[in-house]
Structure formats: C-alpha cells, structure tokens
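Subject: Model handover and findings

Hello,

Here is the model for your files. Please open it alongside these notes.

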Amino acid sequence: MTTTTPGVSGTSQETEPEQTEQATPAPEPPAPPSDASGLTHRLATLDRLVELGDGRVDQALMDDAAELLGRAGQRLRLSGDHTIVALAGGTGSGKSSLFNAVCGLELSPTGLRRPMTSAAHACVWGLDGAGPLLDWLEIGKRHRYARASALDQTTGGGAGSLEGLILLDLPDHDSIRSEQVAEVDRYVGVADLLIWVLDPQKYADFAVHRRYLEPLAGHDGVSLIVLNQVDRLAPEEIDECVKDLRRLLEAEGLRDPRILTTSAKSGAGIDDFREVVADTVAARRARTQRLVADLDRLIQRFEGAFGDMEPPTTVDAKRTAALVEALVDAAGIPAVAEAMESAYELRALDYVGWPLARLAVRLRSDPLRRMRLVELRDELRSAFTTPVNAQQAHVDNALQDVAEDVVRDLPASWRRSVREAGRSNAEALPEALGTSLRDVVPAFNQVPAGWWAVRVWQYLLLVVAAVGVVWLGAIGAFAGLKLAHAPTRLLGEADVAPYVALVFVCVLGLGALTALAARNMIAMTSVKHSERMEQQMREGVVTAARELVIEPIEQELAVYARFRDEAGHAIRDVAP
C-alpha cells in the first residue's frame with residue numbers, strides 16, 4: 001500500500017513499503033540543451049530596448065517588456081531540471097480529474113457543477129531544487145505533493161519518466177471569484193508548458209478563446225490542447241469536435257496546434273497524455289521555448305515603434321543658424337551692441353577729449369549728456385542682468401522650429417521625445433544667454449593703452465601751457481615793476497614774451513588737434529569695438545545653443561538610431 005507522510009519544507013512526500021530488491025536506478029536525464037535560440041543575447045537586446053525606449057515608446061509596451069525581463073531572469077535563475085506544466089480549464093472540464101489521473105492519487109478535489117479547485121495544487125516528481133521554484137510559484141505548503149519514482153511504475157510509464165515535472169492544477173478560469181481568476185492569469189504567464197483542458201460542451205467558449213487561447217499564437221511548442229471527457233461522445237463526434245476545435249485555433253493564429261483527446265473517467269488517452277508530458281520534461285527545453293515564444297510575441301510589438309526611413313543624426317547648419325539668429329534677437333544683442341557703441345564713444349571722450357573742453361562742459365553742466373550716460377548705464381545694467389526673460393516667447397518659438405526638419409520621418413512618440421529634448425533646457429537657456437552677454441562686460445570696462453597715452457600727452461601739453469602762462473606772467477611782472485635785476489634774461493627781457501605766447505598758442509592748438517584726431521579715431525574704432533563685442537556675444541549664444549539645444553536633440557537622435565537598430569535586429573531574430 002501507499003501512504004502519505006509529511007515531506008520536507010511542508011510538502012507531502014509519497015512513500016512506499018521497504019523493498020527487498022534494490023530498485024533499478026533511473027536513467028540519467030539528458031543534459032539541458034544549449035541556448036540554441038540565443039535567448040540570453042535576445043534578452044540582453046530587449047533590456048537595451050527598454051533602456052533606450054523608456055519614456056519614449058508606448059509605456060504599456062515598456063511595462064510588458066520590463067515584466068518579461070524580470071520574469072525571465074527569475075525563471076532562468078531557478079531550477080532548469082524542472083519543467084512547470086500547468087493544467088488550466090473551466091468549471092466541469094475535468095482538469096482536476098486529469099491531474100489526479102496523472103498523479104495516480106486523488107490530490108485535487110473534483111466536481112462537475114461548481115469550481116472545486118480554490119487554489120493551485122502542485123505535484124512534484126523530484127524534490128531536489130524544486131523548493132525555490134515552488135516558492136516562486138507561491139504554491140501553498142499544504143498544496144504541495146511529491147511523488148516517488150516507484151509509484152510511476154504503477155501509473156504507467158517507465159520509472160523516472162516524469163522526473164523533473166512540476167504539475168499544477170489551476171483554479172477554474174471562469175470562477176466568479178476575481179482572486180482565483182487573477183491567480184490563473186499569473187500561472188498562465190509563468191508555466192513552461194501550458195495545457196488547456198476543454199470539454200465537448202464548452203470547447204468553443206468565446207471567453208476562453210479570446211482571453212487565453214488567442215494569446216497562445218506563436219506558443220505552439222509550449223502549449224497543448226486537451227479535449228477531455230470524450231467518453232460522452234460517439235467516435236464520429238470526437239473527430240468532428242477535434243476538426244472544429246482545430247479550425248478555431250488555427251483561425252486564432254496557432255499554426256499547428258497539438259490536440260489530444262482524453263477521458264479521465266475511462267482512462268482513454270491518459271497514457272498518450274503522460275507520454276507527451278514525459279517527452280517535454282525529458283527534453284528540458286520547455287523553459288527556454290516558453291521564454292523564446294513570449295519574447296517573440298513581445299518583440300513583434302516593436303514593429304510600430306520605429307520608422308523605415310534612415311534617421312538624421314545632426315541638426316543641419318541652416319536650422320542651427322536660424323536658431324542662433326532667433327536667440328540673438330530674443331537676447332536683444334543688436335540693441336545691446338548699439339548701446340555699447342554709444343557708451344564706448346562717451347567713455348572714450350572722457351579719456352581722450354581735451355581736458356579744457358571737458359572742464360568747460362562740466363562747468364556748463366550739460367543735462368542732456370548726464371541723462372544720456374544715465375540711460376546708457378541703466379540700459380546696459382538691464383541688458384546684463386535680465387536680457388531674455390522679457391523675450392521668452394521668442395525663445396519658445398525658436399525651440400519649436402529647430403527640431404521640425406529632423407523629426408519629419410520619425411514615429412509620433414519619437415517626434416515628441418526629440419522635441420522635448422530640444423526644450424529640455426528651456427528654463428536654463430535665458431540665464432545662459434544672459435551669461436554670454438555678461439562675459440563681454442570685463443572687456444568693456446578695460447581702458448585701452450592708447451587712451452592712457454593720449455591722456456598723458458594731453459596733460460603734458462597742459463603742463464607746457466601752464467608753464468607758458470606762468471612765464472608770461474613773470475615777464476609781465478618784471479616789466480611792470482621795472483625791476484633792475486631779473487633772475488634771468490628770459491624773465492627780464494620783454495622781447496621773449498612773443499615767443500612764449502607763440503609756444504602757448506601752439507600748445508593749445510596742438511591739444512585741440514589731438515582731441516580732434518582722438519575723436520575721429522574713436523568714431524572709427526567704436527564701430528569696430530561694437531562689432532567685436534557683438535561677435536563675442538554671438539559666439540556665446542552659439543555655444544549656449546549648441547550645448548542646451550542642439551546637443552540634446554542630436555543625443556536623442558542617436559538614441560533613436562540605436563533603438564531602431566536594436567529593434568530591427570530583434571525583429572529579424574523572431575522565429576518564423
């Protein structure tokens with residue numbers, strides 16, 4: 001007799017009486033196949049697609065891809081010596097009876113009219129390494145059962161033929177309890193081999209076909225359809241049901257569906273069913289095949305995520321130049337350059353103008369000149385502190401236009417991402433433009449060496465003129481007082497006075513000519529100075545446009561190119 005005793009880690013272990021003869025050892029299971037489908041490489045490709053497409057491609061697709069990556073990683077880290085086979089079906093389909101027939105024991109409750117399986121049951125052939133896998137499947141401790149190989153000899157098949165099988169009996173998919181339906185959905189998504197048990201009365205049920213069987217398209221190698229309870233049909237009715245069921249499945253995308261007919265009540269087809277399961281377990285390919293099928297189905301959804309046209313890699317020079325010009329206008333650089341030109345002239349005249357003329361202006365207290373200096377000072381201060389904020393609309397328009405040419409042939413989601421990349425630094429752009437203007441200020445505040453030379457020369461002339469005035473005064477004093485003895489002939493003789501006066505007039509004239517020449521020089525250099533300042537500010541704008549707008553767009557285009565290349569290779573790798 002067979003007894004059931006508690007097993008390790010809360011499972012139930014099937015045991016048998018002590019044998020007098022040593023049982024024939026089970027044959028060594030075949031080594032698991034190599035990753036012929038390149039599963040690891042393809043999962044790595046999918047991981048890169050998720051990384052590249054996150055926030056850019058349809059979020060539902062990204063979520064499904066991330067879920068598949070997580071599930072595949074977990075399944076590949078767990079036992080590869082075990083194959084998860086799930087029996088799924090509706091109320092009254094007989095899947096629990098089929099589960100018990102394979103196990104050889106009444107492990108799962110059965111019923112015809114109402115759901116009997118409230119939680120998934122698992123029967124394990126071979127406990128070594130199965131514990132973590134059962135924990136991952138979240139099978140309750142009291143719903144785990146273990147089989148010993150000797151029992152397999154009494155239930156059909158050779159000893160150890162099901163070694164490595166984890167057979168699951170799932171709750172009914174048409175249960176009125178939502179948590180049971182959710183549990184079915186979860187196990188359907190993780191089983192290595194999925195077996196749908198249908199009955200002759202409800203094999204064409206719309207709900208099961210639409211929700212579960214249609215998504216099996218492409219999963220032919222890891223899915224099996226069992227038409228159970230055929231003992232209720234005549235032989236010719238069985239053939240008719242199988243033909244009709246095959247027609248439905250092929251119309252739903254299953255290219256070559258495997259269909260078995262069984263009867264848990266009469267035992268018809270049970271041995272064939274066990275043989276199919278045993279062959280699947282012995283091959284140890286179901287785990288990889290299931291992941292490959294899931295991966296193929298998911299990768300096909302990437303076809304609409306990229307376009308056929310070769311994407312551009314850079315923003316053309318015409319668009320870049322238009323962006324720079326728009327930002328130059330938004331920053332008000334021409335107006336700032338013009339104000340700097342006027343300020344340069346006024347400031348230069350304060351250095352190189354004839355000191356006597358400047359003194360006369362100050363004594364005259366010209367209000368217009370003072371107002372002009374104040375206006376220029378306020379204008380420049382405003383330009384260097386908040387040059388762009390008042391022109392934010394111009395900046396927005398410039399950013400809107402720059403990406404239009406490069407996104408023309410991109411899918412909608414990538415057009416949006418490229419535009420967003422171009423606007424990613426919109427808030428930082430005004431400050432960057434202001435910095436490009438402020439960086440010019442130190443050069444504006446410096447005094448050229450030529451100005452100092454002219455000023456020194458003019459003050460030297462003033463010193464000579466002052467000496468002449470003093471000299472003429474001394475000559476007049478000695479002549480008026482009729483002093484007999486002057487300190488020197490240059491002071492005592494009146495004949496020297498005309499020459500001194502001539503020198504004085506010449507010095508004044510030379511000073512006036514120097515001021516006139518300096519004014520003409522300033523008139524010419526102020527334009528060049530303004531152009532040079534404007535060029536420097538433009539260079540700052542070009543740098544800001546390149547770093548904050550063009551480079552983000554080109555980086556996003558590079559991401560799209562990589563995504564397109566990776567997705568194209570992945571789709572070409574999909575099994576035909």
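Ground rules come first. This is a predicted model, in which local features need pLDDT of at least 70, side-chain atom pairs count only at pLDDT 80 or more, and totals for chains, interfaces and linings use all residues. Residues are numbered from 1 along each chain as its sequence is written, and side-chain values use heavy atoms, with hydrogens and water left out.

**Confidence**

Where pLDDT is low, the predicted coordinates should not be read in detail.

**Strand β3**

Helices (H or I, at least four residues) and strands (E, at least two) are DSSP runs, numbered from the N terminus. Buried means under 20% relative accessible area, exposed over 50%, and partly exposed in between (1.4 Å probe, protein chains only).

Two strands pair if DSSP finds at least two bridges between them. β3 pairs in the parallel sense with β6 (residues 165-169) over 5 bridges. There, Val 85 has Leu 167 as its bridge partner. β3 also runs parallel to β7 (residues 193-198), again joined by 5 bridges. Here the partner of Ala 88 is Trp 196.

**Strands β4 and β5**

β4 (residues 121-125) and β5 pair in the parallel sense, over 4 bridges. Cys 123 has Tyr 145 of β5 as its bridge partner. Between β4 and β5 the chain passes through helix α4 (residues 130-137), making a right-handed β-α-β crossover. Right-handed means that, with the strands pointing away from the viewer, the path from the first strand over the helix to the second runs clockwise.

β5 spans residues 144-147. Arg 144 and Ala 146 point one way, Tyr 145 and Arg 147 the other, and all are buried.

**Salt bridges**

There are 23 salt bridges in the structure (a side-chain nitrogen of Lys or Arg within 4 Å of a carboxyl oxygen of Asp or Glu).

- Arg 144 and Asp 135: 2.6 Å. Arg 144 is buried at 2% relative accessible area, whereas Asp 135 is partly exposed at 42%.
- Arg 177 and Glu 179: 2.8 Å. Arg 177 is partly exposed at 43%, and Glu 179 is partly exposed at 43%.
- Arg 211 and Asp 185: 2.4 Å. This pair links distant parts of the chain, 26 residues apart: Arg 211 sits in helix α7 (residues 206-213) and Asp 185 in helix α6 (residues 178-190). Arg 211 is partly exposed at 44%, and Asp 185 is partly exposed at 28%.

There is also a network: Glu 67, Arg 71, Arg 290 and Asp 294 are joined by salt bridges that share partners.

Best wishes
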